[in-house]
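Thank you all for making time this morning.

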Amino acid sequence: EIKSLENGYHTLTVKKLSVKDSGNITFEAGDKKTSAVLTVKALPLLFKQELQNVEAEENGTAKLHCVLTKHGAQVEWKKGSMALHPTEKYEMKQQGAITELLIHNLQIEDAGTYS
């Protein structure tokens with residue numbers, strides 16, 4: 001939004017900033033121009049809702065989920081220190097800020113700490 005104020009002042013307001021908005025901003029008036037650098041810092045990724053402990057029955061499906069402060073953030077699921085990848089066993093879903101891990105056909109050896 002650009003506004004012209006009295007005494008020759010002009011303002012530029014950029015709303016809903018994202019990191020992609022970073023860069024040079026230039027204002028030109030006739031043969032004169034001035035520039036400034038706009039740097040938009042990314043907000044930290046935080047948990048709005050953390051993972052909760054889950055109990056499920058053998059041969060069933062367990063669902064772990066958490067809610068993040070950013071939509072579409074890149075996530076990695078782990079069991080202990082082992083990174084998990086999508087398979088028939090592990091199904092990973094992400095919609096907006098909600099990310100889920102479904103563990104299918106549960107067996108006793110699936111018990112453990114997931115993150």
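I will go through the sheet, then the salt bridges, and then a surface patch.

First, a word on conventions: this is a predicted model, in which local features need pLDDT of at least 70 and side-chain atom pairs count only at pLDDT 80 or more, while totals for chains, interfaces and linings use all residues. Residues are numbered from 1 along each chain as its sequence is written, and side-chain values use heavy atoms, with hydrogens and water left out.

Let me begin with the sheet, where strands are DSSP runs of E of at least two residues, numbered from the N terminus, and where two strands pair if DSSP finds at least two bridges between them. Four strands form an open sheet in the order β5-β6-β10-β9, with antiparallel pairing. Because β5 and β9 (90-95) stand at the edges with a single partner strand each, one side of each is left without a neighbour in the sheet. Between β5 and β6 (residues 62-68) there are 2 bridges, and glutamine 49 has valine 67 in β6 as its bridge partner.

Turning to salt bridges, meaning a side-chain nitrogen of Lys or Arg within 4 Å of a carboxyl oxygen of Asp or Glu, the count comes to 6. Which residue does lysine 89 meet in a salt bridge? The partner is aspartate 110, at 2.5 Å from N to O, and the pair links distant parts of the chain, with lysine 89 in the loop between β8 (82-83) and β9 and aspartate 110 in the segment after β10, 21 residues apart. Aspartate 110 is buried at 9% relative accessibility, whereas lysine 89, at 21%, is partly exposed; here buried means under 20% relative accessible area, exposed over 50%, and partly exposed in between, with a 1.4 Å probe and protein chains only. Setting aside neighbours within four places in sequence, the contacts of aspartate 110, that is, heavy atoms within 4.5 Å, include Tyr90 and Ile103.

Elsewhere, glutamate 1 forms a salt bridge with lysine 3 at 3.6 Å, N to O, and another with lysine 15, where the closest N and O atoms are 3.5 Å apart. Lysine 15 lies in the loop between β2 and β3 (23-29) and glutamate 1 in the segment before β1 (2-4), so this pair ties together parts that are 14 residues apart in sequence.

Finally, Ile2, Leu12, Val14, Leu17 and Ile25 make a nonpolar surface patch of about 440 Å², for which residues need over 30% relative accessible area and no salt bridge, like charges being joined within 9 Å and nonpolar side chains (Val, Leu, Ile, Met, Phe, Trp, Tyr) within 5 Å. The areas come from the Shrake-Rupley method with a 1.4 Å probe, and for residues only the protein chains shown count as cover.
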